[in-house]
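My entries follow in the order in which I looked things up.

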Amino acid sequence: MQNVHKKNIQPTGLVCSQSGQVRLFAEDEAATLKIGKQLGKQLKPGDIVCLYGCLGAGKTTLTKAIALSLDIPEREITSASFIIIAEHYGSLPLYHVDLYRLENGGVEDTGIEDCFGNDGITVIEWPERGESIIPSERINVRIKIEQVGRIFEIESPRPLYF
Ligand SMILES: Nc1ncnc2c1ncn2[C@@H]1O[C@H](COP(=O)(O)OP(=O)(O)O)[C@@H](O)[C@H]1O
Ligand SMILES: [Mg+2]
């Protein structure tokens with residue numbers, strides 16, 4: 001793995017490129033929000049961001065930060081388990097998809113394909129439950145809970161800077 005970085009995230013110039021992932025350590029929620037904002041401001045229309053990680057890893061927290069970078073109020077982003085797709089409108093549309101409820105399949109019936117390939121940004125929690133229909137051209141973020149803080153592993157088809 002390239003670019004292993006275990007200091008708190010600052011403007012480091014670390015690049016996440018095709019050839020490798022970037023690995024960032026966030027010691028607390030504020031650092032997670034920083035990573036999310038830095039990612040969010042580099043997103044483009046049509047981007048898909050898949051957030052992997054267990055319950056409480058920080059997927060919704062990261063989504064809040066992405067929303068903020070799109071001028072969407074953080075309070076609009078919730079983790080209501082009965083909502084599968086929530087649409088928000090900021091500088092770009094944000095489709096916040098949470099597939100948690102689909103533990104027994106059924107992603108084909110959710111309509112999430114309508115989110116892909118248009119001018120919005122799609123952020124997906126629990127993408128494991130939708131792999132059959134989520135396009136492979138996407139940014140993957142894997143969040144791991146550490147004794148203190150979280151590790152973020154980000155993999156992207158184009159360079160991203162952190
Ligand atoms: N880097 C971090 N270190 C410690 N706690 C964090 C960090 N980032 C987020 N958290 C906390 O972890 C929890 C994550 O919750 P949430 O974002 O709802 O997780 P998920 O959507 O993955 O289930 C929140 O209580 C948040 O304050
Ligand atoms: Mg969540």
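**Entry 1: the end of H2.** Asp 71 follows H2, and its phi is positive, near 60°. Asp 71 is not a glycine. I placed it in the loop between H2 and strand S5 (85-89). Helices here are DSSP runs of H or I with at least four residues, strands are runs of E with at least two, and both are numbered from the N terminus.

Is Asp 71 buried or exposed? It has 12 C-beta neighbours inside 10 Å, so it counts as exposed. My cut-offs: 20 or more other C-beta atoms within 10 Å of a residue's own make it buried, 12 or fewer make it exposed, and anything in between is partly exposed, with C-beta atoms placed from the backbone.

**Entry 2: what I am reading.** This is a predicted model; local features need pLDDT of at least 70, side-chain atom pairs count only at pLDDT 80 or more, and totals for chains, interfaces and linings use all residues. Residues are numbered from 1 along each chain as its sequence is written, while chains are lettered from A and ligands numbered from 1 in the order in which they are written.

Entry 3: I found another case at Trp 126, where phi is about 55°. This residue is not a glycine either. Trp 126 sits in the loop between strand S7 (121-125) and strand S8 (139-145). Trp 126 counts as buried, because 21 C-beta neighbours lie inside 10 Å.

**Entry 4: the whole chain.** I counted two helices and ten strands in the protein. Along the sequence they run β-β-β-α-β-α-β-β-β-β-β-β. The protein has 162 residues, and 36% of them count as buried. I also checked sequence range. Among contacts between residues at least 6 apart in sequence, 61% join residues at least 24 apart. A contact here means two C-beta atoms, placed from the backbone, within 7 Å.

**Entry 5: how covered H2 is.** How many of the eleven residues of H2 are buried? Nine are, and H2 is mostly covered. Among them are Leu 62, Ala 65 and Ile 66, along with Thr 61 and Ser 69. I then looked for the cover. It includes H1, strand S4 (48-52), S5, strand S6 (93-98), S7 and S8.

**Entry 6: Lys 59.** Lys 59 belongs to helix H2. It is buried, because 24 other C-beta atoms lie within 10 Å. Leaving aside neighbours within four places in sequence, Lys 59 contacts Leu 51, Gly 53, Glu 125 and Ile 143. Lys 59 and Val 123 are 64 residues apart in sequence, yet their C-alpha atoms are 9.4 Å apart.

**Entry 7: H1 against H2.** Two packed helices are described by the angle between their axes and the distance between the axes. I looked up both. The axes of H1 and H2 come within 7 Å and cross at roughly 45°. Axes are lines fitted to C-alpha atoms, for helices over the stretch in contact, and angles run from 0 to 180 degrees between N-to-C directions.

H1 and H2 are therefore oblique to each other. The classes are roughly parallel under 35 degrees, roughly antiparallel over 145, roughly perpendicular from 65 to 115, and oblique for the rest.

On the H1 side, the contact includes Thr 32, Leu 33, Ile 35 and Leu 39. On the H2 side, Thr 61, Leu 62, Ala 65 and Leu 68 are among the residues. The contact divides into seven nonpolar, five polar and three charged residues. Nonpolar means Ala, Val, Leu, Ile, Met, Phe, Trp, Tyr, Cys and Pro; charged means Asp, Glu, Lys and Arg; the others, Gly among them, are polar.

**Entry 8: ligand 1.** Which residues are closest to ligand 1? They are Ala 26, Thr 32, Lys 59, Thr 60 and Thr 61, from a shell of 17. To be in the shell, a residue needs its C-beta atom, placed from the backbone, within 6 Å of the molecule. By class, I noted four nonpolar, eight polar and five charged residues.

**Entry 9: Glu 76.** Last, I returned to the loop between H2 and S5, where Glu 76 is found. Glu 76 counts as partly exposed, because it has 15 C-beta neighbours inside 10 Å. Not counting residues up to four places away in sequence, Glu 76 touches Ala 67 and His 88. The C-alpha atoms of Glu 76 and His 88 are separated by 7.7 Å.
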